[in-house]
Amino acid sequence: MTFVDEVKNAVTPRAALLVIGVLGLQLLFIASYVGALHKPKPTDVAFGVVAPQQMSQKLITQLDGLPGGPLDPRTVSSEAEAREQIMNRDIDGALIVSPEGSTDTLLVASGGGTVLSSALERILTQVEAGQQRTVRTVDVAPASPDDFDGLSSFYLVVGWCVGGYLCASILAISAGTKPANRQRALIRTAVMAVYAVAGGIGGAVIIGPILGALPGSVWGLAGLGALVVFSVGMITLALEALTGIVGIGLAILIIVIAGNPSAGGAFPLPMLPDFWRAIGPALPPGAGTWVARSIAYFRGNAVTGPLLVLSAWAVAGTALTLLLSMRRRGGRDDGRTEAASSPSPSGGSTAA
């Protein structure tokens, strides 16, 4: 046997295609993470301004014209309204101008990302210094001291996502990557649901009562975790049912390569480039991270949209998995097909 024949036997055409696919995923991983995170800078950060009427428009124009466009300023009627908008996650910070003194107040929310709140403090300190004024910072929704850089919610959601697509991959590969019939697809869906509940509760207990890394409702986080795990798991099962083992790679492409760097974890969304900022909220890691932070630091506000995103992934994955399973015959028909192709005791094949 020649060397070329040995290579062909060692690496089949199917294996070669899969290796090329893995190489593509590897390069996309590098491009996505480095592209999203190598040069974070605030852009169009929703920012409120509370100032006397004669100063307000001039200040907004000045903030809107800062080099690089870091802020998207808008007038807010009062400090109380500014605090409420921050807690509702409508804005990320606000400047309260003192009409009597030379010290103004900057409201931030480090629970939404300490990197962003630090960037706002740096920008406004420079702006105020140019007008011979000073600024004091008040953290309206402070991150827990045990939640370094506000990353705990992101890593929690990443763990749930990893569990979701790994569980789905194991369920599919254990008996072939395509569901043989509707009954098997229903069983896998039920197992995925039970696993999602266990994973959601486990993650919430670890990050809350055990480690104390994230405040907020344990049961609220547990429910979120169950939804994240189930949505990721079901879309993975659907992709595997549609494309076979390639579906695992597609799930990694959606969740890991596109979803994680755009989730607003390491750097909040206003600090990401436009592409990643646009896709992040529509993918499970981004939607899950937003809700986890809202539960922990923002009284559970502004979660309807992200929860609908996660629900849409779960419903689409479940529906597609079950619909694709109907293309195959039921378990009884599969049994007859296997019997038809198995050898008979006399050495022939049994008839269907």
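Arg299 lies in the loop between helix 11 and helix 12 (304–325), where helices are DSSP runs of H or I with at least four residues, numbered from the N terminus. The model is predicted, and local features need pLDDT of at least 70, side-chain atom pairs pLDDT 80 or more, while totals for chains, interfaces and linings use all residues. Residues are numbered from 1 along each chain as its sequence is written, and side-chain values use heavy atoms, with hydrogens and water left out.

**Exercise 1.** Determine whether Arg299 is buried or exposed.

*Solution.* Step 1: buried means under 20% relative accessible area, exposed over 50%, and partly exposed in between (1.4 Å probe, protein chains only). Step 2: the relative accessibility of Arg299 is 55%, so Arg299 counts as exposed. Step 3: Arg299, a residue other than glycine, has a positive phi near 60°.

**Exercise 2.** Compare the span of helix 11 with the expected value.

*Solution.* Step 1: the expected span is 1.5 Å times one less than the number of residues. Step 2: helix 11 (residues 284–297) has 14 residues. Step 3: from first C-alpha to last it reaches 20 Å, close to the 20 Å expected. Step 4: as for covering, 13 of the 14 residues of helix 11 are buried.

**Exercise 3.** State which side chain of opposite charge is nearest to Glu128.

*Solution.* Step 1: Glu128 belongs to helix 5 (residues 114–129). Step 2: Lys and Arg count as positive, Asp and Glu as negative; His and the chain ends are not counted. Step 3: the nearest side chain of opposite charge is Arg133, 4.1 Å away. Step 4: a salt bridge needs a side-chain nitrogen of Lys or Arg within 4 Å of a carboxyl oxygen of Asp or Glu. Step 5: Glu128 is buried yet has no salt bridge.

Terms used: Helix = DSSP H or I, 4+ residues; strand = E, 2+ residues; numbered from the N terminus.
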